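This report describes how the secondary-structure elements of one protein chain are arranged relative to one another. The chain and its model are shown below.

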Amino acid sequence: VGSPHRFRTKRQFWPYCGLAVVTHNSSEYEIVDGRRRRRNKPLQTRGLNKNFNRTMKEVFKGAAKTAITSEPFRQYYQRLIDQKMRPEMALLTVARKISAITLAIWKKGENFDPERVNQAARGSGDQ
């Protein structure tokens, strides 16, 4: 990574780590009765991005697997499962959470506060 300041936000860091979800849309409009009309078909999720740092992805996915065995990430993971999220997507969400925390701590030079892991999740649902 070199410097955490390469990434302005966590949303720029996730693709680098291979944790960004990729969506595709083949065509946004269709021709009906000679007129152009926007399709009702939603964007299709196609998995994770293909161009990424493989070591970083393994580090964060491994950290997520380990983290869900102890507090506070177990509560976060269980809340996602209780909200009917598939286990593999919940694990990805935990990995993204860990990567976002890592980036923030690295940039700000703060210490990790386990109380803040579930605090943000309560307010916004899936942070």
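Two strands are taken to pair if DSSP finds at least two bridges between them. In this predicted model, strand 2 (residues 29-32) and strand 3 (residues 35-38) are joined by 4 bridges and run antiparallel. Glu30 has Arg37 in strand 3 as its bridge partner. The hairpin of strand 2 and strand 3 has 2 residues between the strands, and Asp33 takes a positive phi near 55° there.

**Helix packing**

| Helix pair | Angle between axes | Axis separation |
|---|---|---|
| Helix 1 and helix 2 | about 105° | 7 Å |
| Helix 2 (residues 54-67) and helix 4 | about 110° | 8 Å |
| Helix 3 (residues 73-82) and helix 4 (residues 87-108) | about 140° | 9 Å |

With an angle of about 140°, helix 3 is therefore oblique to helix 4. The crossing of these two helices, helix 3 and helix 4, is right-handed. On the helix 3 side, the contact involves Phe73, Tyr76, Tyr77, Leu80 and Ile81. These residues meet Pro87, Ala90, Leu91, Thr93, Val94, Lys97, Ile98 and Ile101 in helix 4. Sorted by class, the contact of helix 3 with helix 4 comprises 11 nonpolar, 1 polar and 1 charged residues.

Helix 2 and helix 4 are roughly perpendicular to each other. From helix 2, Phe60, Lys61, Ala63, Ala64, Lys65 and Ala67 take part, and they meet Leu91, Val94, Ala95, Ile98, Ser99 and Thr102 in helix 4. The class count for the contact of helix 2 with helix 4 is 8 nonpolar, 2 polar and 2 charged residues. Leu91, Val94 and Ile98 of helix 4 meet residues of helix 2 and also residues of helix 3.

Helix 1 and helix 2 are likewise roughly perpendicular to each other. Phe13, Tyr16 and Cys17 in helix 1 meet Met56, Lys57 and Phe60 in helix 2. This contact of helix 1 with helix 2 has 5 nonpolar, no polar and 1 charged residues.

**Aromatic pairs**

Aromatic rings are counted as a pair if their centres lie within 6.5 Å, and by this rule the model has 4 aromatic pairs. One of them is formed by Phe13 and Phe60, whose ring centres are 6.0 Å apart; their planes stand at 80°, so the pair is edge-to-face. This pair links distant parts of the chain, since Phe13 lies in helix 1 (residues 10-17) and Phe60 in helix 2, 47 residues apart. Phe60 also takes part in the contact of helix 2 with helix 4.

Key: Residues numbered from 1 in each chain as written. Predicted model: local features only at pLDDT ≥ 70, side-chain atom pairs only at ≥ 80, totals over all residues. Heavy atoms only, no water. Axes fitted to C-alpha atoms, helices over the stretch in contact; angles between N-to-C directions. Parallel < 35°, antiparallel > 145°, perpendicular 65-115°, else oblique. Left-handed = near helix turned anticlockwise from the far one by under 90°. Contact = heavy atoms within 4.5 Å. Nonpolar A, V, L, I, M, F, W, Y, C, P; charged D, E, K, R; others polar. Phe/Tyr/Trp six-rings, centres within 6.5 Å; stacked < 30°, edge-to-face > 60°.
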